Amino acid sequence: MKSLKKLLVLVVAVSLLFGLAGCKKSQGSSSDLIKVGIINNPPSESGYRAANVADFEKVFTKENGYDVSAFYSLKNDEQLNAASQFITDGVDYIFLSAAATDGWASILSRAKEAGIKVFLFDRMLNADPALYAAAVVSDMANQGDTAVKWLKAQNLDKYNVIHIQGAMGSDAQIGRTAALDKEFAAGNMKMVVQQTATWDEAEAKKIIESVINSGEKFNVIYAENDGMAKGAVAALDDAGIKHGVDKDVIIMGFDCNKWALRELLAGNWNYDGQCSPFQAAVIDEMIKTGNIPSKKVISEEKGFDAKTITQNDIDTYGLGD
Amino acid sequence: MLKSLNVKKLSHSQLAIPLFALFLVIVFNAFRDISFFSIHVITNNYGNTVFSGNLISIINGASELAVLAIAMTLVTAATKGQDISVGAAAAIAGSVFVRVLRANDITMPIILLALVTACIVAIIFGLFNGALVAFFDIQPMIASLILFTAGRPIAYWINGGATPNVDSPLLSYIGSFIPGIPIPSPILIVIVFGILVTLALKFTNLGLYIQSVGINEKAARLNGINPVLMKLLAFMILGVCVSIAGAINVCRIGLINHETILIDIEMDAILAVAIGGNALSGGKFKLAGSVVGAYIIQALTITLYAMKVSSTAVKAYKAIVIIAIVVIGSPVVQQHAIQLRNRLFKKPIKLTENN
């Protein structure tokens, strides 16, 4: 039993050593580069995250004057350890997308004492704003507002909306649901069905099928991501219901995957709301110019209309391939 | 003596409970809204004349679950435990399927190649689970916990990006309709697969061997049956089923999302086995029960959707109904029911069944 414990300690120690070594990999390179430690979630988390990681890799390069170490984890405690290691290494900046919103105050004040500037990106965390230089983040509620504003601008005679939600309680679901809920409550739009498909494409298809089978009329499908919108469209195609620009049913999605934007360009869908993973350029500019316009910068997030979208938009804003 | 008679009776009426439950769901819907059952003939957006309606949605939507329930029954029977990694394994198989499709121009032979490749990969992962169970005697649920945790990240790694798309009319033939045939293809796939499995069990000793390994491994070995081989075989069949389910799901929508494809399906598959009256402790099994169980679960979901039950409550309602079915089907309740009936009608216990 005792030897087992020893073994366990050894394993933990070794794995910690390796984990930290990962953060330290680019130590000792030339000193005129700006030393940056990036803490993010792993790219496998989602298409959004993959694009986010790629964006930072593209902007913060040696050619651009940065010496970058990156650490990826979905676990807050591992991220905290990495941050602590970055501080010990004496980096100039830390960029942080925290796995959880709490527990960062003490490490942020340590960074501040060490003269390290911290930039939050992608999401906020619970800490005194004085502890970080700036936050460049997405605003999910704003995405919902933009989409609903677009929908109202379509001036339909009546709005019979099927609302397919993401995983209940997620940031994206809460933000994208709120704006539409307001319209339902105000009586401007009729809620035909509001169901969660927990981001599952096949489940979204089943939900739409059940509405079609019930014979209820609808003319808008508001899906909280592209995948569920695609599932919904598959159900419409099976039922022979026309959708898209100037057709019977308006299709709305979010996230701006390239394949989804292509559906817009082809006129099969009507709207796609952006959830911008591109924060690197904004932070880069703040560091290079030393000018921080405001403590909280909300990424500009567009909504694309099938009638006005161009191939150029797809190449610039589309995620994935 | 009394006990053995009861056990025999229970196994005779194994299908009674699931069929009765299905009947209840149907009666409930008939009273709620008879138009629930209406089937329409419509023209879809690809110009095919097809059937549409809740019944079609139920049978179609349960396809993946039915296929997985069949395999889960065999694994349960042979190993006295369940594989909880089927959803993750389906994500891997589906990702391999998509990877092969994306690397080539999509034609029928390529689709077949993709399916075979996915099968091989899924069988390898099945064998991994199987080896842990058969050689190292690890509880199936614990053995498959590894793949349950690691499976979806592996699936991500296969395509190296979230939600890769595959677009081809050929895929929609598999996922929705073949031109000229008004029944959704997944239903046809399940029928063909079901017939194949039934024939395999009928004309080989596979079913008997798997059963005997599950009932008494030592006795089976003494009779010349290799328990290790039988367990591995069950996991290999599971691999094939997992890739069929994964491929159907990919073809339905034309993309794969490694995080959400067939999520939580392992729990539904195990439930289907239990609702079907199969003992989760292995041994004797009835595939038909599990398949009926799969359709009951889907019928419940579609009924709740049709009733517009709020999204957060669907799972809770489903749970209540399923608890009821499983409790009614449990040996304790059945025993009491039989005793009650005998007291009421003052009849000796008979072998005939009446419910």
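What follows is a short exchange on this predicted model.

Trainee: How far apart do the C-alpha centres of domain 1 of chain A and domain 2 of chain A lie?
Mentor: Start with the bounds. The domain assignment gives domain 1 of chain A as 29-137 + 277-299, and domain 2 as 140-275. Between the C-alpha centres of these two domains of chain A, the distance is 34 Å.

Trainee: Is A:Met286 buried or exposed?
Mentor: A:Met286 sits in helix H10 (residues 280-289) of chain A. Leaving out residues up to four places away in sequence, A:Met286 touches A:Phe119, A:Ala134, A:Val136, A:Asn291, A:Ile292, A:Pro293 and A:Val297. The cut-off for buried is under 20% relative accessible area. A:Met286 has 5% relative accessibility, so A:Met286 is buried.

Trainee: How far apart in space are A:Met286 and A:Ala134, C-alpha to C-alpha?
Mentor: A:Ala134 is one of the residues that A:Met286 touches. In sequence the two are 152 residues apart. In space, C-alpha to C-alpha, A:Met286 and A:Ala134 are 9.1 Å apart.

Trainee: Which residues have the most contacts inside the largest nonpolar core?
Mentor: That core has 81 residues. Apart from it lies another core, of 41 residues, with A:Ala172, A:Ile309, A:Ile314 and B:Ile253 among them. Inside the largest core, the residues with the most contacts are B:Phe97, B:Leu101, B:Ile210 and B:Val242.

Trainee: What does B:Phe97 touch, not counting residues up to four places away in sequence?
Mentor: B:Phe97 is among the residues with the most contacts inside the largest nonpolar core. With residues up to four places away in sequence left out, its partners are B:Ile111, B:Ala114, B:Leu115, B:Ala118, B:Leu171, B:Ala247, B:Val250 and B:Cys251.

Trainee: Are H4(B) and H12(B) roughly parallel or roughly antiparallel?
Mentor: Helix H4 (residues 63-79) and helix H12 (residues 227-253) of chain B pack with their axes 9 Å apart. Their angle is about 170°. Angles over 145 degrees count as roughly antiparallel. H4(B) and H12(B) are therefore roughly antiparallel.

Trainee: How many nonpolar residues does the contact of H4(B) with H12(B) have?
Mentor: H4(B) contributes residues including B:Val67, B:Leu68 and B:Leu74, and H12(B) residues including B:Phe235, B:Leu238 and B:Val242. Three polar and three charged residues also take part. The nonpolar count is 16.

Trainee: Is B:Ser185 buried or exposed?
Mentor: B:Ser185 lies in helix H9 (residues 185-203) of chain B. Beyond four places in sequence, B:Ser185 touches B:Tyr173, B:Ile174, B:Ser176, B:Phe177 and B:Ile178. Its relative accessibility is 3%, so B:Ser185 counts as buried.

Definitions and conventions:
Residues are numbered from 1 along each chain as its sequence is written. Chains are lettered from A and ligands numbered from 1 in the order in which they are written. This is a predicted model: local features need pLDDT of at least 70, side-chain atom pairs count only at pLDDT 80 or more; totals for chains, interfaces and linings use all residues. Side-chain values use heavy atoms; hydrogens and water are left out. Domain bounds come from an automatic or database domain assignment. A nonpolar core is a set of buried Ala, Val, Leu, Ile, Met, Phe, Trp, Tyr and Cys residues joined through side-chain atoms within 4.5 Å. Buried means under 20% relative accessible area, exposed over 50%, partly exposed in between (1.4 Å probe, protein chains only). Contact means heavy atoms within 4.5 Å. Axes are lines fitted to C-alpha atoms, for helices over the stretch in contact, and angles run from 0 to 180 degrees between N-to-C directions. Helices (H or I, at least four residues) and strands (E, at least two) are DSSP runs, numbered from the N terminus. Angles under 35 degrees count as roughly parallel, over 145 as roughly antiparallel, 65 to 115 as roughly perpendicular and the rest as oblique. Ala, Val, Leu, Ile, Met, Phe, Trp, Tyr, Cys and Pro count as nonpolar, Asp, Glu, Lys and Arg as charged, and the others, Gly among them, as polar.
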